[in-house]
Amino acid sequence: MNRQVTKAVFPVAGLGTRFLPATKSIPKEIMTLVDRPLIQYAIDEARAAGITDFIFVTSRGKSALEDYFDHAPHLEDSLKSKGKDDLLEILRSTDMESGAIAYIRQKMAMGLGHAVWCARRLIGNEPFAVILPDDVIAAETPCLRQMVDAYQDTGANMVAAMEVPREKASAYGILDVARDMGDKVLVKGMVEKPSLEEAPSNLAVIGRYILTPKVLHNLDQNLRHKRFGAGGELQLTDAIAQEIDGQGVYGLRFNGQRFDCGSKAGFLQATVSFALARPELRGEFEAYLREMFALPEAAE
């Protein structure tokens, strides 16, 4: 099977209820960290990994998300006429080539597995990536790039993984590890949102996947036979786990810091971290934080 990963699915159909009332009219995916929306971080990461085809699984009320990646001629003309070339360059970096993005509607909220299943006709018989924009990862080498490189060695399904406190395991899909190879682990089981007693480890799956087409077949069969998982939803984790004895499943301990921007606390943490990483903002912002919290001077 071809190991070139050029397609990525972005499940963005959620209502973003944890961020109401903002998400009453604004898709959560275009809420901004500093000056870039969450979806831009996801797109940039995908581009850096060699993705050329971007498949968005959306729902009603997401038109602003679609407009974000469209050409904005009036704004470009305004910036040109005012000689704001730096802003013009930033604006152009958000443009997507015609035909690079496809939008598919998920009519019913039936889980992450169902969202990925909705994209099956556009994926075809190719390996593909899944990126959850809520998980923003700061990394020197983008997380998905790390995964694509590792996938070239294994040719098997791969999930991004990180250790979490055991008491938080019930919020994640948790890996049961057959063999630990350091950066990679061979998986012998996956449990979606287990209780503390049932969790086989504290190695959690986070929102990056590289999957073989067989996972789509598993999703289709699970849906047809009403084999639903945790929460009565079509779970992506279940369909991946079905490949453990088939094409195999690996977890990759990626290098980077993950922020859960699906929660308010995680979104605020990411905002502070990304602001401090910007040279033009760091001095003033850090001074404000020190004054506000009376933080000691950092060691040089």
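Author: Let's start with how helices are compared: axes are lines fitted to C-alpha atoms, for helices over the stretch in contact, and angles run from 0 to 180 degrees between N-to-C directions. This is a predicted model, where local features need pLDDT of at least 70 and side-chain atom pairs count only at pLDDT 80 or more, while totals for chains, interfaces and linings use all residues. Residues are numbered from 1 along each chain as its sequence is written, and side-chain values use heavy atoms, leaving out hydrogens and water.

Reader: At what angle do helix H3 and helix H4 pack?

Author: Helices are DSSP runs (H or I, at least four residues), numbered from the N terminus. H3 covers residues 73-81 and H4 covers residues 85-92. Their axes are 8 Å apart, and the packing angle is about 155 degrees.

Reader: Are H3 and H4 roughly parallel or roughly antiparallel to each other?

Author: Angles under 35 degrees count as roughly parallel, over 145 as roughly antiparallel, 65 to 115 as roughly perpendicular and the rest as oblique. H3 and H4 are therefore roughly antiparallel.

Reader: How many charged residues does the contact of H3 with H4 have?

Author: Contact means heavy atoms within 4.5 Å, and Asp, Glu, Lys and Arg count as charged. Leu75, Glu76, Leu79 and Lys80 of H3 meet Leu87, Leu88, Leu91 and Arg92 of H4. By class, that contact has 5 nonpolar residues, no polar ones, and charged residues numbering 3.

Reader: How are the rings of Tyr41 and Phe274 arranged as a pair?

Author: Rings of Phe, Tyr and Trp (its six-membered ring) pair if their centres lie within 6.5 Å; planes under 30 degrees apart count as stacked, over 60 as edge-to-face and the rest as tilted. The count by this rule is 8 aromatic pairs. For Tyr41 and Phe274, the centres are 5.1 Å apart and the planes at 75 degrees, so the pair is edge-to-face.

Definitions and conventions
Helices (H or I, at least four residues) and strands (E, at least two) are DSSP runs, numbered from the N terminus.
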